[in-house]
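Below is a report on one protein model.

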Amino acid sequence: MPDYTLPKTYNFHATEERIYEWWEKSGYFKPSNDPCRPGFDPQKKPYVISIPPPNVTGELHLGHAMFVSMEDLMIRYHRMKGIPALWVPGTDHAGIATQLQVEKSLKKEGLTREQIGREEFLRRTWEWKEKYGGIITQQIRRLGASCDWERERFTLDEGLSRAVREAFVRLYEKGLIYRGPRLINWSPGLKTAVSDLEVDYVEEPGTLYYFQYRLAGEEMDYIPVATTRPETILGDTAVAVHPEDPRYQKYIGRQVIVPILNRLIPVIPDEYVDREFGGGALKVTPGHDPNDYAIAQRHGLPILSVLDESARVNANGGPYQGLDRFEARKRLWEDMRLAGLTIKEEPYILNIPRSQRGGEIVEPMISTQWFVHIQPLAEAALQAVRDDRIQIVPERFTKVYYNWLENIEDWCISRQLWWGHRIPVWYCRECGQMTVARMDPTACAHCGSPQIEQDPDVLDTWFSSGLWPFSTLGWPEKTPDYLYFYPTTMMETGYDILFFWVARMIMAGLEFTGQVPFSTVYLHGLIRDEHGRKMSKSYGNVIDPLTMMEKLGTDALRFTLLVGSTPGNDMNLSAKKVEANRNFANKIWNAGRYIISSLQQAPAEPAGEPTWTLADSWIWARLQELIRDVERLFQSYQYGEAGRQIYDFFWSEFADWYVEIAKLQLSEGGDRAFYTSRTLVHILDLCLRLLHPFTPFISEELWGHLKRASEAHSPRMAPTGGWAEALIIARWPESRLLEGWEQDKVTDFSLIQDVIRAIRNLRAEKNVKSGQRIPAVLVSDSFSVTLKEQAQAIAHLAQLEPGRLEIHPHLSSKPANHIALVVGPVEIYLPLADLVDITEERSRLEKDLDEVSFQILRLESLLSSPFAEKAPPLVVQKEREKLESYLETAGKLRAQLEALN
Ligand SMILES: [Zn+2]
């Protein structure tokens, strides 16, 4: 019989990379039914996920680790169910983020992108991408991601660029794309528009400046106005007052003078004005404030822009031209103070719009941009969720989705960057018309002039990632991949990008393919620290997934993320939790190591038909119950709960109970040893299958050992259908209905467990040394037969003396000097003398009694002294209560001492 011994500890360092390479090389990541390979069956329904493409600039953080673990779990589960599973990987070109990286390196050479020009800049950016763009995908591989890497895509690669062109031109031809002036969020540092979603509003201390808007022709009279941004006074085109404000009604229709610039602007009535704020009148700067912009549109006011793209004052700012916005604020205010136009300044909490990227203050500005007329797209996207063509998990986000799409504004898609999909629009110098084309034109489509120039802007990166589920499969071509794998099945991502990305994919999918891009949206929560705080560098509480994998193994990290999560809820993570799951990995390894080594105790062939012990039946029934529960939980997306149940079963039932009883059964030898060994192998095999989507590496490694050792030992150890080539492609345990015998076996074994636990607890309470075997008497009318059958197991697990374990249906009188326990129908009697060392116990009790007696004497003498009359009654009362309590304790101690004799 071959000796098959595993290393003492699981070495994840030596295992993970080797296993991953083997999986990939063996083609296990490819769908089992593939339109690009022979034997393709178009009737089989596939399961498809497109990865949320991480930025090429990305470095693995817990957010990535979360979605990779979750999607890999989904893919592995479906793959094991025999469903053709495809996980399409890829990366996003990440416009601003990548451009900034390259600009940073240029800066080190003392260069700017303007100096080297667009072509050279793009060449360098591609170079940067080739060099560093693979880091994030390497890190994703390390997490065990079973993506089909031969289908990896990049948002700027040729096929996806063609998809972007196609999408833009189609929208343009349908009249859904237009160019126009718009108040947008402008990032002066990045010199580009940023979307509303990319702006964070931060409360910060600031100043509210009060000043006079003097009336034209009557300069002693003024309207007091307050502002937090005095430099915007330069762009004021009106002062608005509430139409019912008695203070200012008389000024409506008159004109006031813009400070320093001396332009005349009207006083207008508008109900938007808050009479309580500032002086109750509002300066209107439509060029630099979204609310003022709306007022200007209502009243037909001119829109004046006073800042340039770097947020410096432009020619409209008169003497302040060329000054930075904050410098202009200081200078203008100082000049107004000298002119006697200021009233006061007071501290004020501002709500400052800051760019998520870079953190600088975003400036609302008027600018000419490209927009998608979003309403018709949003309407279709709403309908798709309303009529259940798309299910959002958890369901509560459906409402958030509706609310957002019902109030959506047109989408500004142009960005003033160089790295990205350049807008496919050419302007003609001769006739001034636009040519919008799928292929780069050489001449104007209207007058034929070759004097055309392409729009310098690029598209928002969400424009290309919105096409991701179908562009990655070959759209607009009707490729075999597109025809078979689209629409995809599952969109799994963090709830924080439901709008940024998920809603846009739904809109784009419906518009361009006429189908929903996926049928389910699963939103996971965000990861916070152990105290529930956001992880951030400034708090110093960031957990680096790479460090965790390096120190504790990938499986421990994955298991922690998966088991800690519930759909849509944030989870708290600590290194301690990952450590606990590293211990779980070790527990799995140790149990597996024992099971494999114990094969040698079993004969290769049994002599007779199988007979099963209560423990065999119990563990089998419990495993079937677990498989049913896991299936139900997976079907309702409760992956975390499924993982917790597998963990509990493996640790608290299989390893702690069954494996311990199996040791006894194996020692019997013969058929008992054979069938016990086979049960151990089967249960471990099925547990490893259930664990595989959670902890792919250790399960595959251990399963490989189990398979080889079992094969070497006996063909009779193989599971039904034989051993698969690898666990990753082995069949998922099939859940079957509850069979008649199961419930009784589980009930009986549970009672045996309760009896053993009760004895163990008492031993612990009485500090009985581990390993010290004690006698016991068990009495039960209804259960004595089962107890007798299980006597060996009970004695083994409760550390009883097998020769002095009595089991009776009745007892004429209760044994003296025994402690009695009752567990359901079972009475347990344990001899006191064996639970405690009498000499030691007596000396401990005597010592306690001495101490108590001393306190009694002290209190008695105190209470018979003048203290009892002089001290406050409450204090005396307290001392009396103490005395009574000591007297009571002394009585108990004496009784216990007597019982020892
Ligand atoms: Zn032309």
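## The hairpin and its partner strand

Gly432 adopts a positive phi near 80° in the hairpin of β18 and β19, where five residues sit between the strands. Helices (H or I, at least four residues) and strands (E, at least two) are DSSP runs, numbered from the N terminus. The model is predicted: local features need pLDDT of at least 70, side-chain atom pairs count only at pLDDT 80 or more, and totals for chains, interfaces and linings use all residues. Residues are numbered from 1 along each chain as its sequence is written, and side-chain values use heavy atoms, with hydrogens and water left out.

β18 and β19 pair in the antiparallel sense, over three bridges. Two strands pair if DSSP finds at least two bridges between them. Trp426 stands opposite Thr435 in β19. β18 also pairs with β20, antiparallel and over three bridges. Here Cys428 has Ile452 of β20 as its bridge partner.

Cys431 and Cys447 link distant parts of the chain, 16 residues apart. Cys431 lies in the loop between β18 (425-428) and β19 (434-436), and Cys447 in the loop between β19 and β20 (452-454).

Cys431 is partly exposed, at 34% relative accessible area. Cys447 is partly exposed too, at 39%. The cut-offs are under 20% relative accessible area for buried, over 50% for exposed, and in between for partly exposed (1.4 Å probe, protein chains only).

## Salt bridges within helices

How many salt bridges does a search of the whole structure find? It finds 60. A salt bridge is a side-chain nitrogen of Lys or Arg within 4 Å of a carboxyl oxygen of Asp or Glu.

Glu120 and Arg124 form one, at 3.2 Å, N to O. Both lie in helix α4 (residues 113-132), four residues apart, about one turn of the helix. Glu120 is partly exposed at 25% relative accessibility, and Arg124 is partly exposed at 21%.

Arg622 and Glu625 also meet in a salt bridge, at 3.2 Å, N to O. They are separated by about one helical turn because they lie three residues apart in helix α18 (residues 614-635). Arg622 is buried, with a relative accessible area of 15%, whereas Glu625 is partly exposed at 30%.

In helix α28 (residues 873-900), Glu879 and Lys882 lie three residues apart, about one turn of the helix. Their side chains meet in a salt bridge of 3.4 Å, N to O. Glu879 is buried at 13% relative accessible area, whereas Lys882 is partly exposed at 39%.

## A charged network

Salt bridges also join into a network. Lys30, Asp34, Arg37, Asp148, Glu150, Arg151 and Asp481 are linked in it.
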